[in-house]
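Please keep the structure in view while reading.

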Amino acid sequence: MVKFSKRFEGQLVPEWKEAFVDYWQLKKDLKKFHLLHSNTTTTTTTKTHHQVHHHHHQHASLSNFFSSLQKYSPIPLPHQCRDHHGAILVHKKISSSASRGDLYETEILEQFEDTEAVKEFFACLDFQLNKVNQFYKTKEKEFLERGESLKKQLDILTGLKTACKQQRGNGASEEDSVKDRTEEEQVQETSSDDLEKNEGLDSPRSEEMGQSMGMKREENKLRTLSGCVINCQGKNLKINVPLTTPSRTFSALSYLVWQDLINQSSKKCNPEGKRLHVNKTKLHHAEKMIKGAFVELYKGLSYLKTYRNLNLLAFIKILKKFDKVTGKQVLPIYLKVVESSYFNSSDKVMNLVDEVEELFGRHFAQEDRRKAMKYLKPQQRKLSHSVTFFIGLFTGCFIALLAGYVIMAHITGMYRRQADTVYMETVYPVLSMFSLLFLHFFLYGCNIFMWRKTRINYSFIFEFAPTKELKYREVFLMCTVAMTAVVGVMFIHLSLLTKGYSYSQVQAIPGLLLLMLLSLLVCPFNICYRSSRYRFLCVIRSIIFSPLYKVVMLDFFMADQLCSQVPMLRNLEYVACYYITGSFKTQDYGYCMRAKHYSDLAYAVSFLPYYWRAMQCARRWFDEGQTSHLVNLGKYVSAMLAAGAKVAYEKERSVGWLCLVVVMSSAATVYQLYWDFVKDWGLLQMNSKNPWLRNELMLRRKFIYYFSMGLNLILRLAWLQTVLHSNFEHVDYRVTGLFLAALEVIRRGQWNFYRLENEHLNNAGKFRAVKTVPLPFHEVDEED
């Protein structure tokens, strides 16, 4: 049977952990008292019946004294929440601050074996109860205000949709109907996943900045799709849809130009409301935003219900332990106080939950409650045991094929110096590319496993849909299946070469493997995790077209992964050139190296990931206004210059370029190490209670952090191989390059864990467990 402390930790809301009852501290206090109690003499446990009777009589008299004192005191005493016969007396005090609510304080009436330890325990218990009540009241107020705002937005949306229907019923112009059809087609072409990502859902890290700059952004027409002012229900309104995609940006610009130059009569913006025309696309986006806001509100209310239930259960459990240790009957007395306290007695959250379910079902689910609950409370996917079975099966196949391939390659001498140049120039890049790619995926699966184990809410940080996110076992299954296929094809290819087949006969096999995996990635059929594949492609599109897209956590996280996969991208570039130009037919593997366009593209591939990341920093600075993003941009510019110098040195290998590589790489390394430790990991804090670490740590063993910092420092210096030209004995230099590239991927894998840990702690520090969704309708004054 699982201990309650484990179940309690496993079910609490991670971002609200500090606001829950500190059950572990209460257990420690109780354990101290238990040790003192177990060491007492037996004489204190053998009281006579007369002594016990006299003991109770004394405290009954004391209780009567307090009762009479309350009755006859000219100044009313604080409310006492208990029966007047017991070991404790709980006072309820009215706080001077309405936001803090009532405060509770326990008075010890009976004599305990260690009264001071008991006083300390109840002082901690009272503090926890007051903390829970205050936090619950604060969150309840926040969600109630959000609920009221959403209901007003929903009323406005309903009014505008009704007006649009009446407008179409009365007969709209042919131009308007054609425009509406075009807009409707555009909306249908937009995927649901893309809308979910780009509806303006602020990432947790930018929530507060988004709120503080919200009014400023709303007033700027170029930052929203708000058109002219419309009049609805006697209010002047603008529809604000964040410019999260290039199409919305260009649509906003063209719409403004059309309004300013052509549509001066403003017949679509009649402030008197005589003829109301609303852009159908914007109305569709507004409906999506309100729908997403309802889902987030319901999630927050569910968390608050969990908060209430778990805290109540924690109080019951710790009071039972106290009664068991002391032999007193404190549970009935204090539990009455807990049950009557604000967090357990208020029914506003339950009423709002019912109201949200009713409104969502009526407006977004066609009165279908089951359909509404699929949106509001999606069920987590459960993996079958077959996934684990196939992971083991394909892992065994991969190991067997890899062993066979290595043995055959060793016998043929493919990877030795001065080996088969054609094989190493044409086939080995394919194997190297897939090895780096799926090593990265494997480490991502390890990251998911560790994030789940340490209760880092990566799904919330990345804004993953709970029904579509990949579990770590699914990632491992993808890696094992793919690498089994890759090594299997390489084994067959090498076997055919050893049997006497020429390169012209078998050289198409690696290209077919690459084409097959690329086809699977873009396959439109609902197989092989289509939603995840599509989300991956959307993220890659957002990265490539930076800074036209709004940057969310997943975007710049993935762009950072690409910065560690420059060798893989260069291999992909060469393999694509080799097969697209038809060089595999003529065996002219040096054609791409001689082509000037290829050399120029090699420069671009080497610094493109850093360029994309720099553009994302620029976009985040534009959206959020924080200068730290400009400082981060400088880090990627320095890395871009270092990568360019390295490519130039590989081409010419002169002393001048070597000196430039050393200078640029050293400066970029120092810049990157500072950002890794201080900004991304949140470490190296001088005043922390953990030397050189942060105050809050997710891992219990501190030495892991020190080891990771040292390992990160060593792996950041892998560029020194460019200067030292060190190689393993009798091993081709390309194998050495693959080994160093793999070390960089491993460094990125450990960076991923600490980066998300720091992001999670930032969310938990501000108790952000749900996203704040911007609302579309903004009321403006008439003079605006």
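## Disulfide and cysteines

Cys 577 and Cys 592 form a disulfide, with their sulfur atoms 2.0 Å apart, where a disulfide is taken as a pair of cysteine sulfur atoms within 2.5 Å. By this rule the count comes to one disulfide. The pair links distant parts of the chain, 15 residues apart, with Cys 577 in helix H24 (residues 566-580) and Cys 592 in helix H26 (residues 591-594); helices here are DSSP runs (H or I) of at least four residues, numbered from the N terminus. The link of Cys 577 and Cys 592 is left-handed, with -100 degrees about the S-S bond.

Both Cys 577 and Cys 592 are buried, a term that means under 20% relative accessible area, as against over 50% for exposed and in between for partly exposed (1.4 Å probe, protein chains only). Cys 538 counts as buried because its relative accessibility is 4%, whereas Cys 659, at 45% relative accessibility, counts as partly exposed.

## Basis of the values

This is a predicted model, in which local features need pLDDT of at least 70 and side-chain atom pairs count only at pLDDT 80 or more, while totals for chains, interfaces and linings use all residues. Residues are numbered from 1 along each chain as its sequence is written, and side-chain values use heavy atoms, with hydrogens and water left out.

## Nonpolar cores

In the largest nonpolar core, which has 82 residues, Phe 122 and Tyr 334 touch the most other members; such a core is a set of buried Ala, Val, Leu, Ile, Met, Phe, Trp, Tyr and Cys residues joined through side-chain atoms within 4.5 Å. Helix H10 (residues 280-326) supplies the largest share of this core, 21 residues.

Not counting residues up to four places away in sequence, Phe 122 touches Ile 88, Thr 106, Ile 108, Phe 322, Val 330 and Tyr 334, contact meaning heavy atoms within 4.5 Å. A second, separate core of 41 residues includes Ala 482, Val 506, Met 568 and Val 575.

## Helix packing

Helix H17 (residues 428-453) and helix H32 (residues 733-765) pack at an angle of about 20 degrees, with their axes 9 Å apart. H17 and H32 are therefore roughly parallel to each other, the cut-off for that description being an angle under 35 degrees. Among the residues that meet across this pair are Leu 436, Leu 439 and Leu 443 in H17, and Leu 738, Val 745 and Phe 753 in H32.

The axes of helix H28 (residues 628-652) and helix H29 (residues 655-680) come within 8 Å and cross at roughly 150 degrees. H28 and H29 are therefore roughly antiparallel to each other, which applies to angles over 145 degrees.

Notes
Helices (H or I, at least four residues) and strands (E, at least two) are DSSP runs, numbered from the N terminus. Axes are lines fitted to C-alpha atoms, for helices over the stretch in contact, and angles run from 0 to 180 degrees between N-to-C directions. Angles under 35 degrees count as roughly parallel, over 145 as roughly antiparallel, 65 to 115 as roughly perpendicular and the rest as oblique.
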